[in-house]
Amino acid sequence: MAESPLVSIVMGSDSDLEIMNEAARALDDFGIPYEIDVTSAHRSPARTGEFARKAASRGIKAIIAGAGGAAHLAGVIAAETTLPVIGVPIPSVLNGLDSLLSIVQMPAGIPVATVAIGKAGATNAGILAAQIIGLSDAAVAAKLRQHKEKLAQGVEEKSKKLRESRGK
């Protein structure tokens, strides 16, 4: 039997899946079970509200919400839950700047953690969700430390290669 999801990845449209799969990949890297679905702040507001209100009772610990354009999905979800919500701006008509501003400009009292536009943001959303889970899961916390060490090692290797190629 599959583990119950700890993170929910949602997007406003299935056209966002290519980007939101990056969040899923990051969660896979840390061994964190997740679910992935489509719900819309504008086209299915009742469904979105119900999803948000029931997420915690289903064992979800963090929600990653990706949307483009007006990008109200993360904010609508955050208004309906006390779980941490991470917004991923999806590139759209204005190259994602419209999405970024729609997600990041939340009113006081309804926070949404907002990451970079597009695939890098979705990756970071998955890592941020892992950091939230890692606060109470030592195995995930250890994987996060290994991830940081791997990043640092990669920089050292690139630096060494560059110095060697320049004969210094």
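How many salt bridges does the structure hold? The structure holds 7 of them, where a salt bridge is a side-chain nitrogen of Lys or Arg within 4 Å of a carboxyl oxygen of Asp or Glu. Before I go through some of these, a word on the basis: this is a predicted model, in which local features need pLDDT of at least 70 and side-chain atom pairs count only at pLDDT 80 or more, while totals for chains, interfaces and linings use all residues. Residues are numbered from 1 along each chain as its sequence is written, and side-chain values use heavy atoms, with hydrogens and water left out.

Let me begin with E18 and K119, whose side chains meet in a salt bridge at 3.1 Å, N to O. E18 lies in helix α1 (residues 17–29) and K119 in helix α5, so the pair ties together parts that are 101 residues apart in sequence; helices here are DSSP runs of H or I with at least four residues, strands are runs of E with at least two, and both are numbered from the N terminus. E18 is exposed, with a relative accessible area of 55%, whereas K119 counts as partly exposed at 39%. For these words, buried means under 20% relative accessible area, exposed means over 50%, and partly exposed is in between, with a 1.4 Å probe and protein chains only.

Helix α1 also holds R25 and E22, which lie 3 residues apart, about one turn of the helix, and whose side chains meet in a salt bridge at 2.5 Å, N to O. What is the state of E22, buried or exposed? E22 counts as buried, at 18% relative accessibility, while R25 counts as partly exposed at 44%.

A further salt bridge joins E35 and R58, with the closest N and O atoms 2.7 Å apart. This pair links distant parts of the chain, since E35 is in strand β2 (residues 34–38) and R58 is in the loop between α2 and β3 (62–68), 23 residues apart. E35 is partly exposed, with a relative accessible area of 21%, and R58 counts as partly exposed at 38%.

Now to the helix packing. Helix α5 (residues 119–134) and helix α6 (residues 138–165) pack at an angle of about 135°, with their axes 8 Å apart. That makes α5 oblique to α6, given that angles under 35 degrees count as roughly parallel, over 145 as roughly antiparallel, 65 to 115 as roughly perpendicular and the rest as oblique. The axes are lines fitted to C-alpha atoms, for helices over the stretch in contact, and the angles run from 0 to 180 degrees between N-to-C directions. The crossing of α5 and α6 is left-handed, meaning that the near helix is turned anticlockwise from the far one by less than a right angle, with clockwise giving right-handed.

The loop between α5 and α6 is the place of D137, which is partly exposed at a relative accessible area of 26%. D137 and S165 are 28 residues apart in sequence and 43 Å apart in space, C-alpha to C-alpha.

For the other helix pair, the axes of α2 (residues 45–55) and α3 (residues 73–80) come within 8 Å and cross at roughly 50°. That makes α2 oblique to α3, and the crossing of α2 and α3 is right-handed.

I will end with L94, in the loop between β4 (85–90) and α4 (97–104), which is exposed at a relative accessible area of 53%.
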